[in-house]
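Thank you for passing this structure along for comment. The points below are set out in the order in which I would read them beside the model.

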Amino acid sequence: MDVLERYAPLVDDFDAFRAACDRPLPSVVRVNTLKTTVERARAALDEAGIAYEPREWHDGLLALPQDQPGTNWPYMLGWIHGQEEVSAVPAEVLDPQPGERVWDACAAPGSKTTQLAALMEDTGLLVATDNNLGRISALRSNAERAGVTNVAVTHEDARNHSLKPFRAPGSEAGREGAPYDRALVDVPCSCEGTIRKNPDALDDWNLDHVHGIAGVQKGVLRRAIQTTREGGTVVYSTCTFAPEENEAVLDYALDEEPCELVEFDLPLEHAPGVTEWGEESYDESVRKAKRIYPHHNDTGGFFCAKLEVTAE
């Protein structure tokens with residue numbers, strides 16, 4: 001099966017889409033504002049003779065056309081962190097505030113975790129969960145290099161995330177005791193959108209895996225909604241084009257948990273979520289999600305949706 005060909009009905013300019021998927025992905029870094037400012041980071045790169053191009057939609061993201069993100073002294077000091085451009089989208093959409101309680105449900109290796117901590121100004125509580133010990137090691141290393149101190153790392157399946165260590169003292173179990181103000185659900189996926197970075201990403205692709213991983217995604221998203229307070233925010237994101245892992249997962253969550261999709265601004269070119277795929281149809285509100293294709297902004301592929309937890 002030509003995996004990308006299956007998405008021809010969804011893409012505005014399929015030839016441009018295919019051409020973009022065949023090009024190498026630009027190297028991008030995010031300035032770590034826990035350790036420096038954007039101005040100081042740019043000056044450091046200038047001093048090191050490293051060329052960079054600021055991304056228009058986010059002044060803390062810099063493309064490094066002639067350098068690898070991890071081979072310079074600003075990176076070693078934790079001033080910058082290698083992060084694919086669209087990977088920075090979900091944390092910005094979640095928009096955590098200083099002092100809040102936030103859950104990063106699938107956190108390793110930590111790019112989004114460290115970004116969340118910076119947005120929170122290293123205050124409040126940031127719980128970072130992953131079920132892979134090897135990846136947790138990378139998460140801890142990245143958090144330490146970035147100077148993050150407000151993070152608690154847990155090794156568990158996010159579908160069964162335990163609230164015992166994090167529930168507020170005296171609070172009750174159930175929705176009333178939900179400890180989080182916001183949750184980021186950047187789930188494991190079939191990774192179709194990473195083909196520019198990993199050209200062999202689709203070599204072992206099969207539809208059974210797509211359906212299987214979608215079951216995991218549904219479980220993680222449900223748990224995030226369950227553990228977020230009424231009125232709180234949950235952001236769901238993937239790096240795949242598959243509606244089975246995107247709109248279908250949102251449609252499921254809307255049926256199973258008290259939540260609704262909400263509009264959000266995204267200063268990148270994008271397409272809306274799709275309401276029909278094959279013989280399946282989804283809730284009309286999934287149009288509020290954003291699909292980012294590689295040819296839109298010279299990035300990887302991505303999907304992002306924002307939900308608000310409502311009363312049961």
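1. I begin with V286, which is buried at a relative accessible area of 0%, where buried means under 20% relative accessible area, exposed means over 50% and partly exposed means in between, with a 1.4 Å probe and protein chains only. V286 sits in the loop between β13 (280-281) and β14 (290-292), helices (H or I, at least four residues) and strands (E, at least two) being DSSP runs numbered from the N terminus. Contact meaning heavy atoms within 4.5 Å, V286 is in contact with E247, L250, D251, L261, G273, V274 and T275, leaving aside its neighbours within four places in sequence. The C-alpha atoms of V286 and L254 are separated by 9.7 Å, although these residues are 32 residues apart along the chain.

2. A word on the basis of these remarks. This is a predicted model, in which local features need pLDDT of at least 70 and side-chain atom pairs count only at pLDDT 80 or more, while totals for chains, interfaces and linings use all residues. Residues are numbered from 1 along each chain as its sequence is written, and side-chain values use heavy atoms, with hydrogens and water left out.

3. Helix α7 covers residues 207-226, and its 20 residues should span 28 Å at 1.5 Å a residue, which agrees with the 29 Å between its end C-alpha atoms; the expected span is 1.5 Å times one less than the number of residues. At the N-terminal end, N206 caps α7 through a side-chain oxygen that lies 3.1 Å from the backbone nitrogen of D208.

4. Which residues of α7 are buried? They are V210, I213, A214, Q217, G219, V220, L221, R223, A224 and I225. The cover over these buried residues includes β5 (101-104), β8 (180-186), β9 (228-238), α8 (247-256), β10 (259-261) and β15 (302-309).

5. Two residues of the loop between β1 (28-31) and α2 (38-47) deserve a look, N32 and T36. N32 is buried, with a relative accessible area of 2%, and touches G78, W79, I80, A118 and A146, not counting residues up to four places away in sequence. T36 also counts as buried, at 4% relative accessibility, and is in contact with V31, A41 and W79, leaving aside neighbours within four places in sequence. T36 and E5 are 31 residues apart in sequence, and their C-alpha atoms are 44 Å apart in space.

6. The largest pocket has a volume of about 1,100 Å³. Of the 49 residues that line it, the closest to its centre are A108, P109, K112, R135 and D186. On a 1 Å grid over the protein atoms alone, a pocket is an open set of points with protein on both sides within 12 Å along at least five of seven lines, a cavity is a set where a 1.4 Å probe fits but cannot get out, and lining residues have an atom within 4 Å of a point. Grid points are joined across faces, edges and corners, and a volume is the space filled by probe spheres set on the points.

7. The lining of the largest pocket divides into 21 nonpolar, 18 polar and 10 charged residues, where Ala, Val, Leu, Ile, Met, Phe, Trp, Tyr, Cys and Pro count as nonpolar, Asp, Glu, Lys and Arg as charged, and the others, Gly among them, as polar. At least two lining residues come from each of β4 (80-82), α5 (111-119), β6 (125-130), α6 (133-146) and α7. A108 and P109 are joined by a cis peptide bond, with omega about 5°, and P109 lies in the loop between β5 and α5.

8. How many cavities of 30 Å³ or more are there? The count comes to 1, and about 40 Å³ of space lies in the largest cavity. R30, N32, G78, I80, H81, T114, R145 and A146 line the largest cavity, with β4 and α6 being the elements that give two or more residues. By class, this lining has 2 nonpolar, 4 polar and 2 charged residues.

9. D95, in the loop between α4 (89-94) and β5, has a phi near 55°, a positive value in a residue other than glycine, and counts as partly exposed at 38% relative accessibility. D122, in the loop between α5 and β6, has a positive phi of about 60° although it is not a glycine, and is buried, with a relative accessible area of 18%.

Key
Polar contact = N/O pair within 3.5 Å; in protein donor to acceptor, adjacent residues only side chain to side chain.
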